[in-house]
2 protein chains.
Amino acid sequence: MAEVKLLGAWGSPFSRRVEMALKLKGVEYEYIEEDLANKSPLLLKSNPIHKKVPVLLHNGKTIVESLVILEYIDEAWKTDPILPEDPYDKAMARFWAKFLDDMCMPAIWQIMWSKENQREKAIKEAIQHLKTLENELKDKRFFGGEKIGLVDIVANFIGFWLGAIQEASGMELVNKERFPVLCRWIDEYVNCSIVKENLPPRDELIAFLQTRFSASSWKY
Amino acid sequence: MAEVKLLGAWGSPFSRRVEMALKLKGVEYEYIEEDLANKSPLLLKSNPIHKKVPVLLHNGKTIVESLVILEYIDEAWKTDPILPEDPYDKAMARFWAKFLDDMCMPAIWQIMWSKENQREKAIKEAIQHLKTLENELKDKRFFGGEKIGLVDIVANFIGFWLGAIQEASGMELVNKERFPVLCRWIDEYVNCSIVKENLPPRDELIAFLQTRFSASSWKY
């Protein structure tokens, strides 16, 4: 049995976060693709509370929840740290990771699933959160500074998935006029070799998303 | 200016978490009570994104979000650690802290604010999460093992606030028949001297909660 196994799903930004951290650190692992419509006994046994991917199995121990897994990986394999050493800088990275998960991602999904009369409000909220990110990123190459760190890994949803969502739905939330700094970061991010080799095929993701969104395309 | 300042609110379990960690470590701090109906310029400047307590100010640096603050405190002051040293044990503590914040607390609040026809569903969900906690706690004195750790601090909502909510609302979710292990933990927890000296006055909290809940008392 391999020392490290990852249960994931190809289109999940949460699974891809974990893969990126493992690859950044050069940790060898066995990847097991889960069919989320028909979850395996191993997934249900490993994550009985949430029944979700990603699940990391390391020497018979089970770790779930992508943010928890990322911190675990950073502590279990010390090379190429993804979190800063200084307690305050580390707190800031955790703050932004939490901001992305608790505020940005729900706000963006909210736009897609909200009723017509709620959509304007959802868009305003998402723009406000993205402006906050834009402001945080100005004067920096990556959220992690000169190199990719925890926040960049967690922001993969903005870096890649959001573009696919925009193309699949016709929604235009992020563009160069509205978010020049974020767009510059997105360009640089998806062109990093370590990121590029760890993203799902764009066309397949768009096709997958299109089956989930309503047929009515709309512009903002 | 004191080295450490805390902006908090007397009835907030999130503020009290931070106070408990500071007290456990013997860190001296200046406490500043915030009027949440009329937030101070210092709070709005310190936490412009969420505009919430708690806010920790340490040597001119600002840290917000209670879970982020707790980890910061554990790293900035090494004595009497609240997180385990081992990466896997640490991941487990983070998992349970997240479970409390993301699953248990929202489910319990949901009962209080849900419409009559949604309440049964909300109660079932809360009971399921509390059963998960009960199961995690069996065979252990505290979530942290033999002494209070991060998860116990985060679980203060279950340890103290829930009892006050039950008394203020008439709801009976947690009792000795349904949750013997959790009730044993609650008894032990609120009687720890460090916890006891760091809880709001029970009568005042109940009076405060009563003004928030509807007048109709109900039993489950």
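**Exercise 1. Describe how domain 1 of chain A meets domain 2 of chain A.**

Step 1. Count the contacts: 15 residues of domain 1 of chain A touch 22 residues of domain 2 of chain A, where contact means heavy atoms within 4.5 Å. The model is predicted, so local features need pLDDT of at least 70 and side-chain atom pairs count only at pLDDT 80 or more, while totals for chains, interfaces and linings use all residues. Residues are numbered from 1 along each chain as written, chains are lettered from A and ligands numbered from 1 in the order written, and side-chain values use heavy atoms, without hydrogens and water.

Step 2. Domain 1 of chain A covers 4–76 and domain 2 covers 87–212, the bounds coming from an automatic or database domain assignment.

Step 3. State the area. The two domains of chain A bury about 1700 Å² between them, with 67% on carbon and sulfur atoms; buried area is the accessible area (1.4 Å probe) that two parts lose on being put together, summed over both. On the side of domain 1 of chain A, Trp10(A), Arg17(A) and Met20(A) lose the most area, together 38% of what that side buries.

Step 4. Find the charged pairs. Two salt bridges cross between domain 1 and domain 2 of chain A, a salt bridge being a side-chain nitrogen of Lys or Arg within 4 Å of a carboxyl oxygen of Asp or Glu. Glu71(A) and Arg94(A) form a salt bridge with an N to O distance of 2.7 Å.

Step 5. Assign the elements. Helix H1 (13–24) and helix H3 (66–76) of chain A each supply at least two residues of the domain 1 side, helices being DSSP runs of H or I of at least four residues and strands runs of E of at least two, numbered from the N terminus. H1(A) gives the largest share, nine residues.

**Exercise 2. Describe how chain B meets chain A.**

Step 1. Count the contacts: 24 residues of chain B touch 24 residues of chain A.

Step 2. State the area. Chains B and A bury about 2300 Å² between them, and carbon and sulfur atoms give 73% of that. In chain B, Ile49(B), Tyr88(B) and Phe95(B) lose the most area to chain A, together 24% of what that side buries.

Step 3. Find the charged pairs. There are four salt bridges between chain B and chain A. Glu75(B) forms a salt bridge with Arg94(A), with the closest N and O atoms 3.3 Å apart.

Step 4. Assign the elements. Strand S4 (61–64), helix H3 (66–76) and helix H4 (87–113) of chain B each give two or more residues to the side that touches chain A. H4(B) gives the largest share, eleven residues.
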